[in-house]
Amino acid sequence: MRRLLFILSAALLLAAAPALAADFDQAAKDTAADLATAKQEAATAQQSIAQEKAAMTARLKELSARLAAEKKALAAAREGLAQASREKAELGRKLAETSGDLKELAGHVRAGARELLALAERSPSTAQSPGRLEELRGYLNKSRFPGLSDISKLLDLYFAEMAASGQIARWRGPLVDRQGREVSADIVRLGSFTTLYKSGDELGFATLGPASGRLLAAGGDPSWLLGRDITAYLDRQSPAAPMDISGGAALRQLSRSETAWERLQAGGPLVWPILAVALAALILIIERLFFLRRVRANTDQMMASVAEEVAKGDFAAALEEVEKQPGRPTSNVLAAGLAHRGQAADVIDAGLSEAMLRELPRLERFLTTLKVLAAVAPLLGLLGTVTGMINTFQVITVFGAGDPRLMAGGISEALITTQLGLAVAIPILIASALLGRRVSRLAGDMEEKAVALAAALIKAEH
Amino acid sequence: MHLLDTAWQFFLAGGPVMWPLLVLSLWLWALMLYKFLWVARVRREGLELDDAVEDLLRGHAPPVAGPKSAALAHFMSLPGREPRVDTRLWEASVRRQEPGLWRHVESILVLASVAPLLGLLGTVSGMIETFAVIGQYGTGNAQAMAGGIREALVTTETGLLIAIPGIFAGWVLKRQVRKLQQGLLSFSGALHNWLKSREEAAWSI
C-alpha cells in the first residue's frame, strides 16, 4: 500500500517537473529529498513489512505446529475412545452375565418358596405359625428381589417344616368344626400326616384350609371303631393313633363315604320296588318260620300213644290224644284217618291221602312266592341299572364323553340297584331253600304217620 | 405263615362281601365233608334180604349201619306188629328213612349256587367303588381305581372257587344218594313181598 502511494507520488512528481521548471532544482532537491525520504520510508516500510512477515510466518509456523499437536492429541483421544468403548462392551457383557445369574438365583428362590408354599398349604403345622403362608406368598411377588436375608429366612422355614414333620404336637387352638363354626379344640398333630382334634363331643380328623391356613374338620363322621381309637389316643390311653399316610387322600375318601341311606337314594326309583320285594320276602319268611315252628311237634310220641289207644279199641281216647296237638298237619291227618275207622282198608287209605293232600298246600304256601321274589329281585336291579345307564348316556349325548367323571358317577349310581337286587335275592334264596327242606321233612313225617295209622286201624278192625 | 399272610391279604382285598363268602364256604365244606363221610359209611352197609328175614324171625334188631338196617330196626321196634299190617308198617318205616337220605344234598347245591351270586355282589360293589372313584378323581387316580377293581375280581374269583367244588360235590352226592335210595327201595320191595306172603297167610287163616 505504502509502496503504491510512493509510486503514485513519484509519478506525480515526475509529471509535474516540466511545469515547475523554475523550481526544478529546488524541486529536484525536494524531490530528491522526498525520494530519499520516500526511499527511507519505503525501506522502513519494507523493514516493518519484513518484520511483520517474519512475525506472521513465525506465527503461522507456530499455529501449524499447534495444529499438528492438536491432531496428534485428537488421534490419541480417538484411540482412547475406541479403547473405552471396547471396555464398555466388555463390561456390559459381564454385567449381563452377572445379572443373569442373579435372575436365575431369584427364580430358584421363588420356585423354592412356591414349593414350600404348596407344602405349607397342606401341612397342618401351618396352623401353629399362621403368618407363614403370607410370608411365603410375599416371595412370589416378581418385582421383589430376594436378598440374602430372604434366602436364609426361606431356608429357616424349610428346616422348620422338616422339623415339624417329625414332631407330635399337642395344643389347644381354633378350628372350624363340621358345622362350620369356629371353636376351640384340643388338637394333636402327628408330623405333617394327620391332625386329630376333639372339641366337646365332636372328634375326628382335621385338614388345613389351603387359603386361610386354618384347621378345618374333615367331613364325614369317623366310624365308631375309628372314633374309639382316636379317643384312646387323645386321652393318652393308647400309643396307637389312626393316621392318614396318603397325604389327605384317605381323609377325602372318608369324607366321600356316604351313609347307606344316601346310597340307596342315589340308586334311582327302582330302589323302592326292590326294597318292597325285600320287605314282602321278609314278612313271608317270618310268617313261614312261625308257622313251621308251630306245626313241628314230637309226632313219634303222639303216634305211639295213638297206636296204643287204637289197638285197645278206644278211638275216643286216640282222638283226644290227637287233639292234644291241634292244628298241626300230622294231627289233622290222623284225625281224618280216625274218622274213617271201621271201614275197608282201601277207604282208609283214600281218606288219609285226601287229608294229606289237603294239608300239603298249607305247608307249602308262600314257598313258590319266595322263589319268585328271589328271582325277581336281581331282575329289578338289572332294570334299575339299565335305566340308570340310559340316563348316563343321555348325559353323554348332551355333554359329550370328554369328562370321564360325568359318566362314571352315573354308572356308579346305576350299579347300586344291581347290588341291592343281589343283596336282597341271596338271603331269600337261602331262606327259601331251608324252609323248603323243613316243609318236605314235615310232609314226609305226615305220610309216615298216616301209613302207620292205617296199619293200626286195619289191625284194630280185624 | 407267609401263605397265611398272603391269604389274609387276599381276603382283605375282597372287601365286606368276603365275610358272608367265608361263612358260606365253611358251611358248605362242613356239609360236604359230613355228607361224604356219611355216604362212605352207609355204602358199606351190606344188609341182604336173607339176613333181614333171619333177624325178623329171631326178633333181634340189627345194628344200625345205614338206611336199610335203620328201617328194619324201626320196624321191629314198632308196637303192635302183626302179620296182617306188617306191610304197611314196613312201608312207613322205609319212608321214615327218606329225609335222612336226602338230608344236606339240596343245601349243598343251594349254597354252591349262591356262592357265585355273592361273588357277583362283590363285583358289583367293587365296580360301584371304581366308578365312584372315577367320578371323583377322573381316570387319573389309577391307584384308587385299582382298589375297586381288585375287590371286584377277588370276590368273583372266590365265589367261583367256592361254587365249583360245591356244585361238583353236590351232583356226585346226588347220584350216590339216588343209588342208596334205589338200594333201599329194592330191599324194601323184597322184604315187602316176603311180608305180604306172611300177611296173605295170616288173612287166610
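How many cavities of 30 Å³ or more does a search of the whole structure find?

Analyst: The search of the whole structure finds one cavity of 30 Å³ or more. A cavity here is a set of points, on a 1 Å grid over the protein atoms alone, where a 1.4 Å probe fits but cannot get out, and its lining residues have an atom within 4 Å of a point. The volume is the space filled by probe spheres set on the points, with grid points joined across faces, edges and corners, and for the largest cavity it comes to about 30 Å³.

Two notes on the basis of these values come before the details. The model is predicted, and local features need pLDDT of at least 70, side-chain atom pairs count only at pLDDT 80 or more, while totals for chains, interfaces and linings use all residues. Residues are numbered from 1 along each chain as its sequence is written, chains are lettered from A and ligands numbered from 1 in the order in which they are written, and side-chain values use heavy atoms, with hydrogens and water left out.

The lining of the largest cavity draws on both chains: A:Ile430, A:Ala433 and A:Leu434 come from chain A, and B:Trp27, B:Ser107, B:Val110 and B:Leu111 from chain B. Helix H14 of chain A and helix H6 of chain B each supply at least two residues of this lining; helices (H or I, at least four residues) and strands (E, at least two) are DSSP runs numbered from the N terminus.

On the chain B side, H6 covers residues 105-137, and its 33 residues reach 48 Å from the first C-alpha to the last, close to the 48 Å expected at 1.5 Å a residue, where the expected span is 1.5 Å times one less than the number of residues. Because 24 of the 33 residues of H6(B) are buried, this helix is largely enclosed by the rest of the structure; buried means under 20% relative accessible area, exposed over 50%, and partly exposed in between, with a 1.4 Å probe and protein chains only. After H6(B) comes B:Gly138, which has a positive phi near 75 degrees.

On the chain A side, A:Leu429 lies in H14 and, at 26% relative accessibility, counts as partly exposed. Not counting residues up to four places away in sequence, A:Leu429 touches A:Ala374 in its own chain and B:Val110, B:Val114 and B:Leu117 in the other, a contact being heavy atoms within 4.5 Å.

A nonpolar core is a set of buried Ala, Val, Leu, Ile, Met, Phe, Trp, Tyr and Cys residues joined through side-chain atoms within 4.5 Å. The largest such core has 85 residues, of which B:Leu72 and B:Trp90 touch the most other members. Neighbours within four places in sequence left aside, the contacts of B:Trp90 include B:Leu72, B:Phe75, B:Phe187 and B:Leu191. A second, separate core of 26 residues has A:Leu292, A:Val295, A:Leu370 and A:Val439 among its members.

Elsewhere in chain A, A:Thr392 is found in helix H13, residues 367-399, and at 4% relative accessibility it counts as buried. Its contacts, beyond neighbours within four places in sequence, are A:Met407, A:Gly410 and A:Ile411.

For context, chain A has 14 helices and five strands, and buried residues make up 34% of its 462 residues. Residues 24 or more positions apart account for 65% of the chain A contacts with a separation of 6 or more. Among the strands, five bridges join the antiparallel strands E3 (residues 194-199) and E4, two strands being paired if DSSP finds at least two bridges between them. Six of the seven residues of E4(A), residues 202-208, are buried.

Technical notes: 1 Å grid on protein atoms, 1.4 Å probe; cavity = no way out; pocket = protein on both sides within 12 Å on 5 of 7 lines; lining within 4 Å.
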